[in-house]
Amino acid sequence: KEDAELSVLEVDSQPMKLREIFLEAGVDDEDLHSAKLGMGVSMGDGSADTFGRFDRFNLKYNPFGNEKLRTVFLRRENMVDGRYLAK
């Protein structure tokens, strides 16, 4: 909530605010809790588990199913230099 107006990502050469990314993903204040993140992980025998294949890992680790949120929160290459990843 406190960083809602912070520009966190550049899309098509335009800065995008955190609030805009959450709205685009269809997420409001009531949805911001870990049960709704949609980032389940399977740890199987190595053939079908999440950590054994990067394509499955990348699909699973999109908060709320939104790749832009992954870029903001789980990467360093964004307008806030990975500030949220460090927290």
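Is Glu67 buried, partly exposed or exposed? With a relative accessibility of 48%, Glu67 counts as partly exposed. The model is a predicted one, and its chain has an average pLDDT of 76. The points below cover confidence, salt bridges, the nonpolar core and the aromatic pairs.

**Confidence**

- A pLDDT of at least 70 is reached by 64% of the residues.
- Confidence in the chain is highest in strand S2, at a mean of 96, and lowest in helix H2 (residues 54-60), at a mean of 65.
- Where pLDDT is low, predicted coordinates should not be read in detail.

**Salt bridges**

- The count of salt bridges comes to five.
- One of them joins the side chains of Lys17 and Glu5, at 3.3 Å from N to O. Because Lys17 lies in strand S2 (residues 14-17) and Glu5 in the segment before strand S1 (7-11), this pair ties together parts that are 12 residues apart in sequence.
- Both partners are partly exposed: Lys17 has a relative accessible area of 29%, and Glu5 has one of 45%.
- Glu5 also forms a salt bridge with Arg19, at 2.7 Å from N to O. This pair links distant parts of the chain, with Arg19 in helix H1 (residues 18-24) and Glu5 in the segment before S1, 14 residues apart.
- Arg19 is likewise partly exposed, at 34% relative accessibility.
- Another salt bridge is formed by the side chains of Glu67 and Arg70, at 4.0 Å from N to O. The two residues are three apart in helix H3 (residues 67-74), so about one helical turn separates them.
- Arg70 is buried, with a relative accessible area of 8%, whereas Glu67 is partly exposed.

**Nonpolar core**

- The largest nonpolar core has 12 residues in all: Val8, Leu9, Met16, Leu18, Ile21, Phe22, Val27, Phe64, Leu69, Val72, Val80 and Tyr84.
- S1, H1 and H3 are the elements that give two or more residues to this core. H1 provides the largest share, three residues.
- In soluble globular proteins, nonpolar side chains tend to be buried together.
- Val8, a member of the core, touches residues beyond four places away in sequence, among them Met16, Leu18, Ile21, Val72, Val80 and Tyr84. The contacts of Val8 also include Lys17, Asn78 and Met79.

**Aromatic pairs**

- There are two aromatic pairs by count.
- Phe22 and Phe73 form a tilted pair, with 6.1 Å between centres and 50 degrees between the planes. Since Phe22 lies in helix H1 and Phe73 in helix H3, the pair ties together parts that are 51 residues apart in sequence.
- Phe22 counts as buried, at 13% relative accessibility, while Phe73 counts as partly exposed, at 22%.
- Phe73 also pairs with Tyr84 in a tilted arrangement, at 4.9 Å centre to centre and 50 degrees between the planes. Phe73 is in helix H3 and Tyr84 in helix H4 (residues 83-86), so this pair ties together parts that are 11 residues apart in sequence.
- Tyr84 is buried, with a relative accessible area of 13%.
- Phe22, Phe73 and Tyr84 form one aromatic cluster. Phe22 and Tyr84 also belong to the largest nonpolar core.

Key
Residues are numbered from 1 along each chain as its sequence is written. This is a predicted model: local features need pLDDT of at least 70, side-chain atom pairs count only at pLDDT 80 or more; totals for chains, interfaces and linings use all residues. Side-chain values use heavy atoms; hydrogens and water are left out. Helices (H or I, at least four residues) and strands (E, at least two) are DSSP runs, numbered from the N terminus. Buried means under 20% relative accessible area, exposed over 50%, partly exposed in between (1.4 Å probe, protein chains only). A nonpolar core is a set of buried Ala, Val, Leu, Ile, Met, Phe, Trp, Tyr and Cys residues joined through side-chain atoms within 4.5 Å. Contact means heavy atoms within 4.5 Å. pLDDT is the predictor's confidence in each residue, from 0 to 100. Rings of Phe, Tyr and Trp (its six-membered ring) pair if their centres lie within 6.5 Å; planes under 30 degrees apart count as stacked, over 60 as edge-to-face and the rest as tilted.
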